[in-house]
Structure formats: C-alpha cells, structure tokens
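Me: I'm new to looking at protein models and would like a close look at one part of this one. Could you pick a spot in a loop and then walk me outwards from there?

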Amino acid sequence: MKIVKIIMQITLLFIMYMAGVWIQKTFELFIPGSIIGMLLLLILLFTRTIRQEWIETGSLLLVRYLPLLFLPVTVGIITFLELFTGKGFFIIVIVLISTALVMGCTGVISQWMMMKKGQENE
C-alpha cells in the first residue's frame with residue numbers, strides 16, 4: 001500500500017509540473033514550465049489546497065535520489081569542454097556565489113518556516 005501512496009504523490013507532483021509547462025506554452029512565457037509548476041505547488045501549499053502530507057513521502061523519495069538525476073547532465077558537459085576553455089575562473093566564481101546565495105536563502109526560509117510552525121503548535 002505504501003508504494004501506491006508514493007506513486008500517487010509523485011503523480012500529483014508530475015501534474016503540477018505539467019500544469020506549469022501548459023501555462024508556459026499557452027501564455028508563451030520566458031519562465032520555464034517547471035518553475036511555474038513549483039510556484040503553483042507553493043501557492044497551493046500555502047493556501048492549504050494541497051496538504052503537505054499528500055506529497056511528503058513521494059517528494060522525500062525524489063530528493064533522496066536527486067543526485068542520480070544530475071549524472072547524465074554532468075557527463076554531458078564533458079563533451080562540451082571547449083566551450084569552457086579560458087572561462088574556468090569565472091565559472092568557479094559564479095558557481096560559488098550562486099551556491100552561497102541558495103544556501104543562505106534556503107537557511108533563512110527554513111528557519112522562518114520552523115519558527116512559524118513552532119508558533120502554530122503553541
């Protein structure tokens with residue numbers, strides 16, 4: 001029964017993705033459909049239209065295996081090394097700055113959410 005639950009949760013996440021892609025194509029937006037789908041999911045979670053429990057197990061499973069999804073992209077970059085010739089320093093700086101920004105924003109948002117959840121439980 002747990003496998004069916006996980007499949008349903010991943011299906012719900014996939015529906016959010018497809019809705020984002022549909023919105024992007026319909027309105028010819030420059031924002032990728034996957035980002036629109038995540039924003040749509042975020043809005044539905046904040047409005048409590050979709051509950052966290054409905055996607056929790058499936059999303060944790062996807063996050064657990066997320067590094068495997070990046071392997072083909074990393075291997076694919078190796079075939080285009082000539083594009084990166086002479087730009088290595090700038091790429092390293094950009095990667096470090098963007099990583100620091102993502103880590104900082106994630107930390108601030110997670111702390112805010114934990115404090116908000118703690119206030120709701122009181």
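Reply: Let's start at Arg-48, which is exposed, with a relative accessible area of 56%. Keep in mind that this is a predicted model. To find Arg-48, look in the loop between α2 and α3 (56–64). Its backbone is worth a glance too: Arg-48 has a positive phi of about 60° although it is not a glycine. Most residues other than glycine have a negative phi.

Now slide along to Ile-50. Setting aside residues up to four places away in sequence, Ile-50 touches Leu-12, Met-16, Leu-41, Leu-44, Leu-45 and Ile-55. Several of those names come back in the next bit. Ile-50 belongs to the largest nonpolar core, which has 6 residues: Leu-13, Met-16, Leu-41, Leu-44, Ile-50 and Ile-55. The elements giving two or more residues to this core are α1 (2–26) and α2. In soluble globular proteins, nonpolar side chains tend to be buried together. To count as buried here, a residue needs under 20% relative accessible area, and buried residues make up 11% of the 122 residues in the protein chain.

Next, hop to the loop at the other end of α2. Glu-28 sits in the loop between α1 and α2, and it has a positive phi of about 50° although it is not a glycine. Glu-28 counts as exposed because its relative accessibility is 71%, and the cut-off for exposed is over 50%.

In that loop between α1 and α2 you'll also find Ile-31. Ile-31 is partly exposed, with a relative accessible area of 32%. Leaving aside neighbours within four places in sequence, Ile-31 is in contact with Gln-24 and Ile-36.

The largest share, 5 residues, comes from α2. So α2 turns up on both sides of the story, giving two or more residues to the core and 5 residues to the patch, where a patch residue must have over 30% relative accessible area. On the α5 side, take Met-113: it is partly exposed, with a relative accessible area of 44%.

Finally, zoom out. The protein chain has 5 helices and 0 strands, and read along the sequence it goes α-α-α-α-α. Its radius of gyration is 18 Å, well over the 14 Å that the globule rule gives for 122 residues, so the chain is more spread out than a compact globule. The C-alpha atoms fill a box of roughly 55 × 35 × 35 Å along the principal axes. Among contacts between residues at least 6 apart in sequence, 54% join residues at least 24 apart. The accessible surface comes to about 10,400 Å², and 76% of that belongs to carbon and sulfur atoms.

Technical notes:
Residues numbered from 1 in each chain as written. Predicted model: local features only at pLDDT ≥ 70, side-chain atom pairs only at ≥ 80, totals over all residues. Heavy atoms only, no water. Helix = DSSP H or I, 4+ residues; strand = E, 2+ residues; numbered from the N terminus. Buried < 20%, exposed > 50% of the residue type's maximum accessible area, 1.4 Å probe, protein only. Core = buried A, V, L, I, M, F, W, Y, C linked by side-chain atoms within 4.5 Å. Contact = heavy atoms within 4.5 Å. Rg over C-alpha atoms; globule rule 2.2 N^0.38 Å. Areas by Shrake-Rupley, 256 points an atom, 1.4 Å probe, with all protein chains shown as cover.
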